[in-house]
Amino acid sequence: MKFFWIIPFFLLQDAGAFLMKNAKVKLCLQASPMNGNLLLEDCNPESDFQDWSWQGDSLMNHGTQSCLSAVGADRVQTSLCGSRGYTSWDCLNSLLSPLGSSQGYLVANKKGVALSSVTGLKARWQDVAGRSVCEEKAAEAEQDRYFAAALASTHVYDHTAGNATLVLGINQEELEELLWFFRREDPSVWNYSILVLSFVAMILGLFLLSINIVRNRKRKIYVFREAVQTTQQAELEAKQALMPLQENSPDEPRKQEPVPQDQRLGEVVVQWKDGTVTSLYAESSEDAL
């Protein structure tokens, strides 16, 4: 049962961090990692040096792990938490003042921050959402009380495990069911199973990929052959349309036209389409000569 409360505690222990923004200059308080000085810079939620949280009555910077402290009459810087000096602060109406001292309030100025008796907007500190840092302190205190009560409840449960009713209002059967979700087991079997399934999936994917490649190659070859056959058939049909039928049959020898028997040497004859044969030059009589 302790793990049921300890796990959320570690998950939420940094949830109380906030940015300290001055209500007047609209800049956030930033701790210097070199010399402990305090600066006023543009608000950056990603910067650990601008993250502050309440540790009781002290304001701790998450970047330097040091606390806000008053040094001298009006000087303010960061120093080790719990060291000598005023590291505890009283917060009221967004005003921060050293606890147990009358040095004034934390005020923003041109050089950075200092202690002054001014209570205007320069002395008021808020988070980026406009909520007072005093409300952050109250919320942090409430959270601490909550977890303290939770841990105390788990301590009571350890000594009263046989009771049917617990301090938290949960009976033993419901509590055991909740603890089942937080059981500890060896994840090796699960990890090895996932590894084997991943390997099988990879082999299956490679097999399907190879089949797809082979099928695509065969399809391209088939399409190429069909295109070649179609081209050859078209060329053959074109040649047959241009060449006479007798010239396309080489086995049949060309028939020579018979020469008329009454044709004389030197005579030019013409064979017409209807089959008649006539002499190109008409025969002239000897009397005409």
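Cys67 and Cys81 form a disulfide, with their sulfur atoms 1.8 Å apart; the term covers a pair of cysteine sulfur atoms within 2.5 Å. This pair links distant parts of the chain, with Cys67 in strand β6 and Cys81 in the loop between β7 (75-79) and β8, 14 residues apart. Helices (H or I, at least four residues) and strands (E, at least two) are DSSP runs, numbered from the N terminus.

Before going on, please note that the model is predicted: local features need pLDDT of at least 70, side-chain atom pairs count only at pLDDT 80 or more, and totals for chains, interfaces and linings use all residues. Residues are numbered from 1 along each chain as its sequence is written, and side-chain values use heavy atoms, leaving out hydrogens and water.

The structure holds 3 disulfides:

| Pair | S to S | About the S-S bond |
|---|---|---|
| Cys28, Cys43 | 1.9 Å | 90 degrees, right-handed |
| Cys67, Cys81 | 1.8 Å | 95 degrees, right-handed |
| Cys91, Cys134 | 1.9 Å | -90 degrees, left-handed |

Cys91 lies in strand β8 and Cys134 in helix α2, so their bond ties together parts that are 43 residues apart in sequence. In sequence order, the bonded cysteines pair 1-2, 3-4, 5-6.

Cys67 is buried at 1%, while Cys81 is partly exposed at 38%. Cys28 is buried at 0%, whereas Cys43 is partly exposed at 29%. Cys91 is buried at 12%, and Cys134 is buried at 15%.

Technical notes. Buried means under 20% relative accessible area, exposed over 50%, partly exposed in between (1.4 Å probe, protein chains only).
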